[in-house]
Amino acid sequence: MPETGLTTPDETGLTQEDSERLEELVAVVDRGMMAFVAVGNALAEINDRHLYLITHGSFEEFCRERWEFSRQRAWQLMHSASVAKILDQENPATAERPSSEAQARVLCKIKQPTLMADVWTHSVETAPVDRRGHLAITAPHIERCRAEMMGETPDNGQPVVKVA
């Protein structure tokens with residue numbers, strides 16, 4: 001099994017079919033982690049083109065009745081999706097992109113696209129490695145990088161060392 005570090009199916013009592021199913025399910029989760037971009041882009045188009053008027057009087061009413069979330073939640077998703085587009089434009093050389101809405105939401109606080117890309121790059125470059133050997137680019141890590149680069153005190157009250 002690639003990149004899992006798990007034992008072989010023979011050692012666990014699981015079958016090759018179980019192993020293949022695991023890979024299928026992992027792929028579903030991986031795709032789902034990026035779903036926030038597709039969802040945010042779809043909501044933006046519904047809002048921008050006023051498509052909600054086909055069935056509802058307002059975008060807020062449409063979101064509330066259709067998915068039981070507020071206009072604010074819809075805007076969070078739309079802004080988070082816009083981060084991916086900004087990073088593609090500002091920093092195409094960095095292959096790593098936010099894989100969760102929580103990561104993107106931290107970057108939404110940054111209004112200048114160039115600074116957003118710089119914070120993301122710094123976050124990727126300074127991220128710790130988790131026990132599986134993957135970068136642990138968490139929302140709190142991105143927030144610390146954002147605060148450092150913007151000369152702010154992070155939420156944890158620790159002093160900030162400004163990045164040159």
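Leu-107 has a relative accessible area of 0%, so this residue is buried. Buried means under 20% relative accessible area, exposed over 50%, and partly exposed in between, with a 1.4 Å probe and protein chains only. Leu-107 sits in helix H6. Helices here are DSSP runs of H or I with at least four residues, strands are runs of E with at least two, and both are numbered from the N terminus.

This is a predicted model, where local features need pLDDT of at least 70, side-chain atom pairs count only at pLDDT 80 or more, and totals for chains, interfaces and linings use all residues. Residues are numbered from 1 along each chain as its sequence is written, and side-chain values use heavy atoms, with hydrogens and water left out.

## Around Leu-107

Which residues does Leu-107 contact, leaving aside its neighbours within four places in sequence? They are Val-83, Leu-87, Pro-98, Met-116, Val-119, Trp-120 and Ile-142. Contact means heavy atoms within 4.5 Å. His-79 lies 28 residues from Leu-107 in sequence, and their C-alpha atoms are 9.5 Å apart in space.

## The cores

Leu-107 also belongs to the largest nonpolar core, which has 21 residues. A nonpolar core is a set of buried Ala, Val, Leu, Ile, Met, Phe, Trp, Tyr and Cys residues joined through side-chain atoms within 4.5 Å. Val-83, Leu-87, Leu-107, Met-116, Trp-120 and Ile-142 touch the most other members. At least two residues of this core come from each of H3 (35-48), H5 (71-90), H6, H7 and H8. H7 gives the most, with five residues. There is also a second, separate core of eleven residues; Ala-44, Tyr-52, Phe-59 and Ala-74 are among them.

## The whole chain

The chain has eight helices and zero strands. Read from the N terminus, the order is α-α-α-α-α-α-α-α. Of the 164 residues in the chain, 33% are buried. Among contacts with a separation of 6 or more, 45% join residues 24 or more positions apart. The accessible surface is about 10600 Å², and carbon and sulfur atoms account for 53% of this area. Such areas come from the Shrake-Rupley method with a 1.4 Å probe; for residues, only the protein chains shown count as cover.

The table sets out the lengths of both helices. The expected span is 1.5 Å times one less than the number of residues.

| Helix | Residues | Span, first to last C-alpha | Expected span |
|---|---|---|---|
| H3 | 14 residues | 20 Å | 20 Å |
| H8 | twelve residues | 16 Å | 16 Å |

An α-helix has 3.6 residues a turn, so residues three or four places apart point the same way. In H3, the buried residues are Phe-36, Val-37, Gly-40, Leu-43, Ala-44, Ile-46 and Asn-47. His-50 follows H3, and its phi is positive, near 55°.

H8 covers residues 139-150. Its buried residues are Ala-139, His-141, Ile-142, Glu-143, Cys-145, Arg-146 and Ala-147. They pack against helix H6 (101-108) and helix H7 (113-126). Just after H8 comes Gly-151, with a positive phi of about 70°.

Is Glu-143 buried or exposed? Its relative accessible area is 10%, so Glu-143 is buried. Not counting residues up to four places away in sequence, Glu-143 touches Val-106 and Lys-109.

## Aromatic rings

A pair of aromatic rings is described by the distance of the centres and the angle of the planes. Rings of Phe, Tyr and Trp (its six-membered ring) pair if their centres lie within 6.5 Å; planes under 30 degrees apart count as stacked, over 60 as edge-to-face and the rest as tilted. How many aromatic pairs does a search of the whole structure find? The search finds three. One of them joins Phe-62 and Trp-67 edge-to-face, at 5.3 Å centre to centre and 90° between the planes. The rings of Trp-67 and Phe-69 are stacked, because their planes are at 10°, with centres 5.7 Å apart. Phe-62, Trp-67 and Phe-69 form one aromatic cluster. Phe-62 is buried at 11% relative accessible area. Phe-69 is buried at 19%. Trp-67 is partly exposed, at 36% relative accessibility.

## Cysteines

A disulfide counts as a pair of cysteine sulfur atoms within 2.5 Å. By this rule there are zero disulfides. Cys-63 is buried, at 0% relative accessibility. Cys-108 is buried too, with a relative accessible area of 18%.
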